[in-house]
Amino acid sequence: MLETVLVTGGAGFIGGHLVERLLEKYHVVVMDNLSTGKISNLPQHPQLDFLFGDVSKEKDVARVFELYTFTYVYHLAAIASVAASIENPLGTHQTNMDGTIHLLNASKKQANTMRKFVFASSAAVYGSEPTLPKRETSAIAPITPYGIDKLASESYVISYSHLFGLKTSAARFFNVYGPRQNPESPYSGVLSILTNCIQKVVAGDEKVAFTLYGDGSQVRDFVYVDDIVNGLILLAESAESQSEVFNIASDENHTLLEVIAMYEEIVGKKLPLKYKNARAGDIHQSYADISKIKTIGYKATNTLKMGLSKYNQHEMEQAQQSIGIS
Ligand code: NAD
Ligand code: UD2
C-alpha cells in the first residue's frame with residue numbers, strides 16, 4: 001500500500017508543484033482553504049485527495065488527522081504575502097502561527113510513525129541585517145509580521161523535535177519563481193510580473209512597461225520552483241536534516257537589471273522600463289549560502305537562465321493553448 005503524505009497549502013504555487021512530484025510515489029492529501037490557491041494548480045489523479053479546510057481552525061486540522069495516518073507532512077499553508085501581513089497582522093498570525101501549532105499538535109500524536117514534518121519558512125527571517133551571504137547561523141532580525149511568524153513557527157517546529165520526539169526540519173526559501181506563480185497582485189513575486197510583461201512584449205503589445213522600483217541594482221537569489229521541490233523532498237527523506245533549519249536557494253545572485261537583460265536575450269526583444277522610487281522597507285541585497293543543505297546532497301539544478309527559459313516556454317505554450325480554445 002502507498003504511504004500517505006499531507007501537503008497543507010497544496011493548491012498554491014509551490015504546493016501544486018510539490019504535489020505533482022509526490023504523486024509519483026505517494027498517496028497525497030491536500031488541505032487548503034483556496035484563499036490564494038486554486039484547484040487548477042492540482043492535477044486530477046486517483047492518488048490525490050483534496051480536503052477543503054482552514055489550518056487556523058483546530059477542528060479542521062483534527063478532522064484531517066482523524067481520517068489519515070501520515071508518513072510525511074509538508075506544511076506550506078500560509079498567507080505568503082509580506083504586504084498582507086503588514087495590513088492584517090492578526091489575521092496573518094492566525095494562519096501563519098496558530099495554524100503551525102495546530103498542525104504540530106496533531107502530528108505529535110502520530111510521532112511514532114511520522115518520518116518527517118517539514119515546514120516552509122522564508123529568507124524573511126533574516127530581515128535587513130546587512131551581512132551577506134545569509135547563512136543559517138547569520139543574525140536573524142525579521143522586520144515584518146510575516147517574518148516574525150515564520151521565525152516563531154520554525155522555532156516551534158524544531159522545539160517539537162526536542163520536546164516530543166516528532167522528527168522535523170524547516171526550510172528557508174529565498175525568492176521562488178516558476179510556472180503558475182500568480183502575477184496579478186502588485187506584491188506578486190517580481191519574476192511573475194516580469195514574465196507577464198515579457199509575454200506581452202513578445203505578443204507585440206507596445207504599451208507595456210515593466211515597473212522597476214529603485215535603480216535595478218537590488219540583488220536577489222532567485223530559485224526555480226523545481227529546486228525548491230527537490231530541497232523539500234530531500235529534507236523529508238534525509239535523516240541528517242532532523243531538527244535543523246536549512247536555506248534553499250539557487251547558488252547564484254543577480255541584480256534585477258542583470259535578470260532583465262538575461263530575459264531580453266532569451267526572447268530577443270527589448271523590455272521598456274518605467275522607474276519608480278524604491279519600495280519602503282525593500283531589502284537591497286538578499287542571497288544565500290547553501291553549503292549546509294549541500295552537505296546532505298542538495299544541488300541547484302536550474303541556473304537562472306535555464307529557469308527563465310523554461311518559465312517563458314511554459315507561458316508561451318499556455319498562451320497558445322488559450323488562443324486555440326477561444
Ligand atoms: P501561495 O499563496 O500560492 O500558497 C499558499 C497556499 O496556502 C494557498 O494555496 C492558500 O490557499 C493556502 N492557505 C492560505 N491560508 C490557509 C489556511 N488558513 N488554511 C489552509 N490553507 C491556506 O504561496 P506560495 O508562494 O506557494 O508559498 C508556499 C509557502 O512557501 C508559504 O508558506 C510561503 O510563506 C512560503 N514561501 C514562499 C516564498 C516565495 O517566494 N513564493 C518565499 C519564502 C517562503
Ligand atoms: C521576497 C518574498 C517575501 C519574503 C522576502 C524575504 C516574494 C513575492 N516575496 O520579497 O515573501 O520572503 O523575499 O526577504 O517572493 N520589484 C520591482 N518591480 C515589481 C516588483 C518587484 O522592481 O513589479 C522589485 C522589488 O522592489 C524588490 C525585488 O523586485 O526589490 C524583489 O521583489 P519581490 O516582491 O519579488 O520579493 P522580495 O525580495 O521583496
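1. Across the interface of domain 1 and domain 2 of this predicted model, 3 salt bridges are found, a salt bridge being a side-chain nitrogen of Lys or Arg within 4 Å of a carboxyl oxygen of Asp or Glu. Separately, Asp289 is joined to Arg135 by a salt bridge whose closest N and O atoms are 3.0 Å apart.

2. On the side of domain 1 that touches domain 2, helix H1 (13-22), helix H7 (225-237) and strand S11 (244-248) each supply at least two residues, and H7 gives the largest share, with 8 residues. Helices (H or I, at least four residues) and strands (E, at least two) are DSSP runs, numbered from the N terminus.

3. The domains themselves are domain 1 (4-175 + 224-248) and domain 2 (176-221 + 251-322), with bounds from an automatic or database domain assignment. Their C-alpha centres lie 24 Å apart, and 36 residues of domain 1 are in contact with 30 residues of domain 2, contact meaning heavy atoms within 4.5 Å.

4. About 3,000 Å² is buried between domain 1 and domain 2, with 61% of it on carbon and sulfur atoms; buried area is the accessible area (1.4 Å probe) that two parts lose on being put together, summed over both. Within domain 1, the residues that lose the most area to domain 2 are Phe13, Asn175 and Tyr224, which together make up 27% of what that side buries.

5. Ligand 1 is surrounded by 27 residues, the closest being Asp32, Thr36, Asp54, Leu76 and Tyr146, where a residue counts if one of its heavy atoms lies within 4 Å. Oxygen atoms of ligand 1 lie 2.8 Å from a backbone N or O atom of Phe13, 2.6 Å from a polar side-chain atom of Asp32 and 2.9 Å from a side-chain N or O atom of Lys150.

6. Around ligand 2 there are 21 residues, with Ser122, Val190, Thr211, Arg220 and Asp282 the closest. A polar side-chain atom of Arg220 is 2.6 Å from an oxygen atom of ligand 2, while Asp282 has a side-chain N or O atom 2.7 Å from an oxygen atom of this ligand.

7. Residues are numbered from 1 along each chain as its sequence is written, and chains are lettered from A and ligands numbered from 1 in the order in which they are written. Local features need pLDDT of at least 70, side-chain atom pairs count only at pLDDT 80 or more, and totals for chains, interfaces and linings use all residues, while side-chain values use heavy atoms, with hydrogens and water left out.

Terms used
Polar contact = N/O pair within 3.5 Å; in protein donor to acceptor, adjacent residues only side chain to side chain.
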